Amino acid sequence: MGTADLMRAMERPSRFGLISLLIAAEVVIVGFAVFSLRGSAFGSSGGLHRVDYVAAPIAPVAAGLSPNVTIDDIDSGVSVTASNDGLIHVTDRTEAHGFLWGSNDFPRPVVTRTLDGVRIVRAGGHSFGVALGESRQHIDIEVPPASRVTILRSSGARLSGLHNDVAVTSQDGRITLDDITGNITAHSNDGRIVGSQLHANALDLSSDDGRIELSSLDMNPGAPKAELHTKDGPLIVSGVFPANGSYSMSTGDGHVELNLLPGSDTTVDASTGDGHVIVDGRRDAGQSIRVGAGNATMRVRTNDGSVKITTNGAQ
């Protein structure tokens, strides 16, 4: 037997072994599917099984025109909007379809009437593990516009059309705020914070990892206070910052774009650890910038990036 014949003889068992291995893997996969359909060891108790889950409806709740609404749903995205009938509506949008891992016994939101409003809680630590299919965990809540809303835990949140104080925390996901009037507090462990048409006397926004981007911000006259801080990401802010206020903006890593709209009256102390301070297109124009009469204090700081400030001719 020549060398070429010997090599071919050695290849044949290797190819045969590979084919056998693939056939065995297919048998195992088919077996899993068969067991799943029959509800055996891989049935609804937690293994791979067929799921077609749609959440049950929840009856609306009457709690007055300005209730305290507290929400705790760490594994779900949360949307809060204004209702038009004075009631609190909770809609669980959670659904799952296909062959999934996990139990069919998925926890539902529990809505409890309290002395001053409503508490909405879903037990955490549960999820549908997707194998062949799709799943979504989300909850929609409609509240009277004057409700005071507190989101203790969520996996991303969106609030809009509310006219009272809000406080929201996201463990994993962005926070979006739109058309909010009141004191606003928001923190994201991992995700950006985006806001528009915010009217506040006190504003406290922070992210451990994500940008902060605000447009049409209007701080109320009197003694307004704004704290905007992110550890990692740019700051992009456009708004009115009136006199007698105290404002602070900082990022650990990212550039700053600050657009001071007409009506702003503040002295800006701008600094960067690595970059330039640019005021109305002029590079290194100075770190102290007076806008209007300069009757408020504003500190703007980035450790790594440039600071770009536009004063709209009010300097």
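In what order do the twelve strands of the open sheet run? The order is β6-β7-β2-β10-β12-β14-β16-β18-β20-β26-β22-β25, and the pairing is mixed; two strands count as paired if DSSP finds at least two bridges between them. Strands are DSSP runs (E, at least two residues) numbered from the N terminus. This is a predicted model, in which local features need pLDDT of at least 70 and side-chain atom pairs count only at pLDDT 80 or more, whereas totals for chains, interfaces and linings use all residues. Residues are numbered from 1 along each chain as its sequence is written, and side-chain values use heavy atoms, with hydrogens and water left out.

Within this sheet, β2 (residues 68-72) and β10 (residues 148-153) pair in the parallel sense over five bridges, and I71 has I151 in β10 as its bridge partner.

Other strands also pair in the parallel sense. Strand β11 (residues 157-162) joins β13 (residues 175-181) over five bridges, with L159 opposite L177. Strand β13 in turn pairs with β15 (residues 193-200) over six bridges, again parallel, and here D178 stands opposite S196.

L159 and L177 also belong to the largest nonpolar core, a group of 55 residues; they are among the members that touch the most others, as are V80, L203, L205 and F241. Such a core is a set of buried Ala, Val, Leu, Ile, Met, Phe, Trp, Tyr and Cys residues joined through side-chain atoms within 4.5 Å, where buried means under 20% relative accessible area (1.4 Å probe, protein chains only). Beyond its neighbours within four places in sequence, L177 is in contact (heavy atoms within 4.5 Å) with residues including L159, V168, I184 and L205.

Definitions and conventions
Helices (H or I, at least four residues) and strands (E, at least two) are DSSP runs, numbered from the N terminus. Buried means under 20% relative accessible area, exposed over 50%, partly exposed in between (1.4 Å probe, protein chains only).
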